[in-house]
Amino acid sequence: MADTINVDNEGDDLHSQMEEVEALSSIYGDEWCVIDEVSRIFCIKISNDTGENKLTACLQILLPPDYPSKAPPIYQINAAWLRGSERVRLANSLEDLYVEHMGESILYMWVEKMREFLLEKAQDSATVEQSEKVTLTAEEDADDQDVPDFARLTLSAEEAQHFLEHANGEEVPPIKHGSCITDRRSTFQPHLAPVVAPRQVKVVLEKLYDNKKIASATHNIYAYRIYCEDKNSFLQDCEDDGETAAGGRLLHLLQILDVRNVLVVVSRWYGGILLGPDRFKHINNCARSILVEEGYAASSDDVAKSAGKAKRLKGKKTK
């Protein structure tokens with residue numbers, strides 16, 4: 001009897017999913033996209049519909065067999081501009097909506113909640129820009145008589161870049177970029193920089209985000225370890241950037257390899273196909289590869305040779 005009820009529930013869920021997808025396709029038209037109908041993977045492009053300060057995000061959704069009766073949709077938000085606390089705030093609002101309407105079809109409410117978030121974000125940006133313009137105008141009026149002739153002040157591109165990098169009194173550490181790994185249209189690329197203070201981590205990240213390609217990555221996962229000699233301890237932290245648990249796994253790798261005074265960033269450009277646990281394997285393989293290339297960790301061959309040498313020495317002592 002229990003099996004029959006379970007099958008009926010699955011049939012009801014599938015019917016609900018089909019009705020919901022059909023409705024969303026009708027409502028959103030070209031913004032709604034079917035990535036894999038068999039696997040129940042869909043994507044919708046959401047924007048705030050404003051002329052200026054237009055923001056766009058893509059909500060990718062995988063519908064599990066027991067949605068909506070028992071399980072929530074599995075989702076991923078793709079938006080290069082959405083980071084840190086703002087990404088967490090949006091994710092929390094979607095999850096709160098699911099809890100509030102558990103057992104119901106939730107996707108339409110999620111899409112409109114994201115649209116509200118984008119509109120609010122755009123309005124906040126417009127307010128800040130207007131405030132900056134008013135402040136700037138006031139300052140220009142006050143200093144009008146003392147304005148120098150900037151047309152006579154010219155910098156070469158190299159000098160301008162040098163000035164920007166030193167404007168905050170912090171030189172950008174050298175950044176290395178590793179080889180890409182591509183799997184099912186997702187691409188992973190590692191970046192590495194030596195760091196000895198948290199402020200250098202911020203400087204390196206800002207420098208990386210100046211690169212449009214890196215800034216457009218779906219996720220920029222990072223971890224760093226800094227050794228504090230005076231305290232004989234490590235200062236370390238990590239960031240998932242929306243790829244749940246990836247930052248912690250990356251930091252764990254740095255701990256296992258016992259590397260120090262280094263920041264590793266792995267950029268992932270999502271290709272539309274879910275990779276499951278393989279994504280963590282690629283992130284760690286990328287990170288390990290660049291750590292070996294830059295001399296922070298030993299290669300697998302070197303570790304094997306060292307182990308073999310240690311065994312031979314032990315054997316000689318026994319004899």
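A word on ground rules. The model is predicted, so local features need pLDDT of at least 70 and side-chain atom pairs count only at pLDDT 80 or more, while totals for chains, interfaces and linings use all residues. Residues are numbered from 1 along each chain as its sequence is written, and side-chain values use heavy atoms, with hydrogens and water left out.

Let's start with the overall picture. The protein has 9 helices and 10 strands; these are DSSP runs, H or I of at least four residues for helices and E of at least two for strands, numbered from the N terminus. Of its 319 residues, 35% count as buried, meaning under 20% relative accessible area, with exposed over 50% and partly exposed in between, using a 1.4 Å probe and protein chains only. Now contacts, which are heavy atoms within 4.5 Å: among those between residues at least 6 apart in sequence, 61% join residues at least 24 apart.

On to the inside. In soluble globular proteins, nonpolar side chains tend to be buried together. By nonpolar core I mean a set of buried Ala, Val, Leu, Ile, Met, Phe, Trp, Tyr and Cys residues joined through side-chain atoms within 4.5 Å. The largest one here has 28 residues, and Trp32, Leu59, Leu107, Trp110 and Met114 have the most contacts inside it. Two or more residues each come from α1 (2-28), β2, β3 (56-62), α2 (84-100) and α3 (107-142), and α3 gives the most, with 7. A second, separate core of 22 residues includes Ala246, Leu257, Val266 and Ala297.

What does Leu59 touch, leaving out residues up to four places away in sequence? Its partners include Phe42, Tyr75, Ile77, Trp110 and Met114. Ile77 itself is in strand β4 and counts as buried because its relative accessibility is 4%. Beyond four places in sequence, Ile77 touches Cys58, Leu59, Leu82, Arg87, Leu90, Leu94 and Met114.

Now the rings. The whole structure holds 4 aromatic pairs. One of them is Trp32 with Phe42, which is stacked at 5.4 Å centre to centre and 25° between the planes. For the cut-offs, rings of Phe, Tyr and Trp (its six-membered ring) pair if their centres lie within 6.5 Å; planes under 30 degrees apart are stacked, over 60 edge-to-face, and the rest tilted. This pair links strand β1 (residues 32-36) to strand β2 (residues 41-47), 10 residues apart.

Last stop, helix α2, where we find Val88. Val88 counts as partly exposed because its relative accessibility is 47%. Its C-alpha atom is 8.1 Å from that of Gly242, though 154 residues separate them along the chain.
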